[in-house]
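Biologist: I would like to learn how to read the features of a protein model, one at a time. Where do we begin?

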Amino acid sequence: MSSSTKARTAAKEAALLIASRSSSTIDNNKYVWNFSFGANINPWKLQTKRKIQPVEVTPGQVLHHRLLFNHRGGFGTIEHTQSAPNNNNSNGLIPTLSPKIPQPNSVHGILLKLHMSDFGKLAAMEHQYIPREITVSSYDGRTISALAFITPPQYQIARTVLPSTRYIGLITRGAREMKLDESYCDWLEQIPSVEDKARGDEYYTIVSSSSSSGGLL
């Protein structure tokens, strides 16, 4: 078994255990709520490409959180606004995600009601993330406990970067297709991006390695 396969298997087993002990499961652990905020909000990516078929799909938002791109490779995660860096003003080191529109004080995305088996399958695909239970306010007025895939310290890069054009494109197209909040879609669409091949060392420098060599960038 390759190291990649082992990592995916371990991530799947850990995620299923977390789900079974969380408040996000339904019907005696038959289903689990997942909150997606990145490329998985795009139906093509989730259902066509990844073959994940949700039982129920509904938009929602997580208050007092921000979308950041500080996962290894420049991928997305969410953090509470008290701990997230201010991306409305660039200091020369942290690129601004909001050149035209201030970043919203909440993260909008899609609540996915998944069969536990599909959640395990998705967790294996998202093996560099860990599931964390969060409270989501759905657009239809419900308050739902859901698991979101969040970046753990070992995959958090030393500074916030701009997303790749391909990645942010998946998110923005998914947000429009799923009819997320109009102002949130507008914010997503004005985020600058870089081409995949233009991603430099800063996209792969992990916080822990940066800290051990003298602090964060």
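**Salt bridges and the fold around them**

Modeller: With a pair of charged side chains: Arg176 and Glu182 form a salt bridge at 3.0 Å, N to O. The term requires a side-chain nitrogen of Lys or Arg within 4 Å of a carboxyl oxygen of Asp or Glu. Arg176 also bridges to Asp186, at 2.7 Å from N to O. Through shared partners, salt bridges join Arg176, Glu182, Asp186 and Glu189 into one network.

Biologist: What kind of model is this, and how are residues numbered?

Modeller: This is a predicted model, in which local features need pLDDT of at least 70 and side-chain atom pairs pLDDT 80 or more, while totals for chains, interfaces and linings use all residues. Numbering starts from 1 along each chain as its sequence is written, and side-chain values use heavy atoms, leaving out hydrogens and water.

Biologist: How many salt bridges does a search of the whole structure find?

Modeller: Eight. Another of them joins Asp140 and Arg142 at 2.9 Å, N to O.

Biologist: Which charged residue is buried yet has no salt bridge?

Modeller: The general idea is that side chains of opposite charge can pair when their charged atoms come close. For charge, Lys and Arg count as positive and Asp and Glu as negative, with His and the chain ends not counted. Asp118 is the case here: the nearest side chain of opposite charge, Lys121, is 4.9 Å away. Asp118 lies in helix α3 (residues 116–125). Beyond its neighbours within four places in sequence, Asp118 is in contact (heavy atoms within 4.5 Å) with Lys51, Ile52 and Gln53.

Biologist: How many helices and strands does the protein have?

Modeller: Helices (H or I, at least four residues) and strands (E, at least two) are DSSP runs, numbered from the N terminus. The protein has six helices and eight strands, in the order α-β-β-α-β-β-β-β-α-β-β-α-α-α.

Biologist: How do I read strand pairing?

Modeller: Two strands pair if DSSP finds at least two bridges between them. Strand β4 (residues 65–71) and strand β5 (residues 75–80) are antiparallel over five bridges, and Leu67 has Ile78 as its bridge partner in β5. Their hairpin has three residues between the strands, and Gly73 takes a positive phi near 95°. Strand β7 (residues 130–138) and β8 are antiparallel over eight bridges, with Glu133 opposite Leu147 in β8. That hairpin has four residues between the strands, and Gly141 takes a positive phi near 95°.

Biologist: Which residues touch the most other members of the largest nonpolar core?

Modeller: A nonpolar core is a set of buried Ala, Val, Leu, Ile, Met, Phe, Trp, Tyr and Cys residues joined through side-chain atoms within 4.5 Å. Here the largest has 50 residues, and Phe35, Phe37, Leu67, Phe69, Phe119 and Leu188 touch the most other members. Strand β8 (residues 143–150) gives the largest share of this core, six residues. Six of the eight residues in β8 are buried. In the protein, buried residues make up 49% of the 217 residues.

Terms used:
Buried means under 20% relative accessible area, exposed over 50%, partly exposed in between (1.4 Å probe, protein chains only).
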